[in-house]
Amino acid sequence: MSITPYFSSSARVWDSIEWVFSIEDSGFAGWEIVADGSYRLDNADTISRIDEVIRSTGLGITVHAPYGDLNLATLNDPIWRESIRQICSCIEAAAAWTDRVTIHPGYLSPVGKIMPDRAWGQQKEALRIIGKVASDHSVLACLENMIAVREFLCRDPGELFGMVDGIEGIGVTIDIGHAHTVGRVREFLPYLSRASHLHLHDNHGLSDEHLALGTGTIDWNLVGPCIARDYSGVAVVEGRSLEEGRVSLSRVQGWRA
């Protein structure tokens with residue numbers, strides 16, 4: 001298997017874009033654009049600025065769609081439709097650079113908790129709509145497993161892969177850090193060969209800290225060889241800074257099956 005390391009930082013979404021030039025200098029092969037803050041892809045000037053940076057580097061690109069205040073499982077129809085619209089708009093813009101866009105599942109609102117089956121159905125229908133747009137643009141929209149917040153859907157592998165089953169244009173992003181917050185890292189490892197995308201960061205099992213690999217409590221001596229053996233493709237190091245990113249990269253580069 002072959003892992004291609006990219007870097008991403010949600011902590012930098014309000015920063016000037018000049019920091020991106022250091023991603024390549026740090027040894028990463030690509031950049032996952034977090035399409036939020038100053039990097040939203042629903043603004044022509046922003047797209048032009050990002051495009052100029054991409055063309056002046058050798059960085060490969062993947063994209064993380066916006067997720068703040070969006071909910072693909074809401075039973076509030078205007079919010080549901082707007083959530084779908086923003087994600088589809090991001091996919092359409094991202095298609096110029098990549099064939100992978102990570103998306104978040106929805107969560108149970110107070111009304112959704114009363115009618116969880118309807119919320120599940122809303123999420124599935126949203127994925128069918130998003131998947132059609134993604135497929136039409138030669139993109140795979142990759143649904144990501146979530147952190148230990150009870151209201152979130154797709155916190156375990158069975159629910160995550162069950163949610164996307166049979167939907168054209170939809171794949172899966174496995175996030176090892178998220179899996180650790182719900183105590184399910186080992187449960188996700190057998191699914192690595194079915195993942196379309198991969199996110200890597202560390203934490204202490206209580207919250208989504210996005211620490212450098214090896215500075216939390218994930219057993220990378222177990223996880224790393226499994227990734228090297230079973231996963232092939234882009235693995236995004238999600239870090240708070242490039243300094244911490246380089247620590248993670250050195251660990252990834254040492255993994256052997």
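Author: What follows goes from the barrel to its closing strands, and then to a pair of helices. The model is a predicted one.

Start with the barrel. Eight strands close into it, in the order β1-β2-β3-β4-β5-β6-β7-β8. Their pairing is parallel. On average, neighbouring strands in this sheet are turned by 30° against each other, with direction ignored.

Now look at where β1 meets β8. Strand β1 covers residues 3-8, and strand β8 covers residues 233-238. The two run parallel and are joined by six bridges. At this pairing, I3 stands opposite G233 of β8.

A helix lies across this region. Helix α10, residues 242-252, lies across β1, β8 and β7 (197-200). Its direction is at about 170° to β1.

Next, the helix pair. Helix α3 spans residues 77-94, and helix α5 spans residues 116-136. They pack at an angle of about 25°, and their axes are 10 Å apart. Angles under 35 degrees count as roughly parallel, so α3 and α5 are roughly parallel to each other. Their crossing is right-handed.

Which residues make the contact? From α3 come W80, I84, I87, C88, I91 and E92. From α5 come Q122, E125, A126, I129, I130, V133 and A134. Sorted by class, the contact of α3 with α5 has ten nonpolar residues, one polar and two charged.

How values were computed:
Residues are numbered from 1 along each chain as its sequence is written. This is a predicted model: local features need pLDDT of at least 70, side-chain atom pairs count only at pLDDT 80 or more; totals for chains, interfaces and linings use all residues. Side-chain values use heavy atoms; hydrogens and water are left out. Two strands pair if DSSP finds at least two bridges between them. Helices (H or I, at least four residues) and strands (E, at least two) are DSSP runs, numbered from the N terminus. Axes are lines fitted to C-alpha atoms, for helices over the stretch in contact, and angles run from 0 to 180 degrees between N-to-C directions. Contact means heavy atoms within 4.5 Å. Angles under 35 degrees count as roughly parallel, over 145 as roughly antiparallel, 65 to 115 as roughly perpendicular and the rest as oblique. A crossing is left-handed if the near helix is turned anticlockwise from the far one by less than a right angle, and right-handed if clockwise. Ala, Val, Leu, Ile, Met, Phe, Trp, Tyr, Cys and Pro count as nonpolar, Asp, Glu, Lys and Arg as charged, and the others, Gly among them, as polar.
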